[in-house]
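I opened the notebook to look up a few features of this model. My entries follow in the order I took them.

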Amino acid sequence: MGMSSAILTGIAAKKIMTAAWTKGTGNAPPANPESPDTSWGEALVWALASGALVGVARMLAARKAADFYRRSAGHLPRGLQDVG
């Protein structure tokens with residue numbers, strides 16, 4: 001459940017990032033930031049912004065899945081239990 005929600009959230013985050021980039025810059029996001037034809041500035045901003053958004057979205061999805069698991073099973077899944 002956690003993996004599928006992370007994948008779906010990643011896809012949604014990328015679509016949101018693409019729409020935001022297009023609205024903010026008036027241009028489509030770089031198709032391939034690794035290409036030497038993409039400017040360094042554009043590649044770096046795209047990589048930082050999209051990486052941060054996808055990372056936060058996946059973390060939020062994983063937290064929601066863990067919370068659902070805890071409400072269903074009465075405890076967190078193995079590996080997510082509090083360390084203390």
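**Entry 1: charge pairing**

Which side chains meet in a salt bridge? I looked this up first, keeping in mind that the model is predicted. I found D67 and R71, whose side chains meet at 3.3 Å, N to O. The count for the model comes to 1 salt bridge. Side chains of opposite charge can pair when their charged atoms come close.

I then checked where the partners sit. D67 and R71 both belong to helix α2, which covers residues 40–73. They are about one helical turn apart, because 4 residues separate them in that helix.

Next I noted how open each partner is. D67 has a relative accessible area of 29%, so I put it down as partly exposed. R71 reaches 60% relative accessibility, so I put it down as exposed.

**Entry 2: the largest pocket**

What volume does the largest pocket have? I read off about 160 Å³. I listed its lining as M59, A62, R63, A66, D67, R70, L76 and L80. D67 turns up again here, as one of the lining residues, besides its salt bridge with R71.

I also sorted the lining by class. It has 5 nonpolar and 3 charged residues. I found no polar residues in it.

**Entry 3: a nonpolar patch**

Which residues make the nonpolar surface patch of about 430 Å²? I wrote down M3, I7, L8 and I11. I looked at two of these more carefully.

L8 has its place in helix α1, residues 2–25. Its relative accessibility is 58%, so L8 counts as exposed, the cut-off being over 50%. I11 is found in helix α1 too. I11 has 46% relative accessibility and therefore counts as partly exposed.

**Entry 4: distances across the sequence**

How far apart in space are I11 and R58, C-alpha to C-alpha? I got 9.9 Å, for a pair that is 47 residues apart in sequence.

Is A6 buried or exposed? I noted 15% relative accessibility for A6, which means that it counts as buried, the limit being under 20%. A6 lies in helix α1.

Conventions. Residues are numbered from 1 along each chain as its sequence is written. This is a predicted model: local features need pLDDT of at least 70, side-chain atom pairs count only at pLDDT 80 or more; totals for chains, interfaces and linings use all residues. Side-chain values use heavy atoms; hydrogens and water are left out. Patches are made of residues with over 30% relative accessible area and no salt bridge: like charges are joined within 9 Å, nonpolar side chains (Val, Leu, Ile, Met, Phe, Trp, Tyr) within 5 Å. Accessible areas come from the Shrake-Rupley method with a 1.4 Å probe; for residues, only the protein chains shown count as cover. A salt bridge is a side-chain nitrogen of Lys or Arg within 4 Å of a carboxyl oxygen of Asp or Glu. Helices (H or I, at least four residues) and strands (E, at least two) are DSSP runs, numbered from the N terminus. Buried means under 20% relative accessible area, exposed over 50%, partly exposed in between (1.4 Å probe, protein chains only). On a 1 Å grid over the protein atoms alone, a cavity is a set of points where a 1.4 Å probe fits but cannot get out, and a pocket is an open set with protein on both sides within 12 Å along at least five of seven lines; lining residues have an atom within 4 Å of a point. Grid points are joined across faces, edges and corners, and a volume is the space filled by probe spheres set on the points. Ala, Val, Leu, Ile, Met, Phe, Trp, Tyr, Cys and Pro count as nonpolar, Asp, Glu, Lys and Arg as charged, and the others, Gly among them, as polar.
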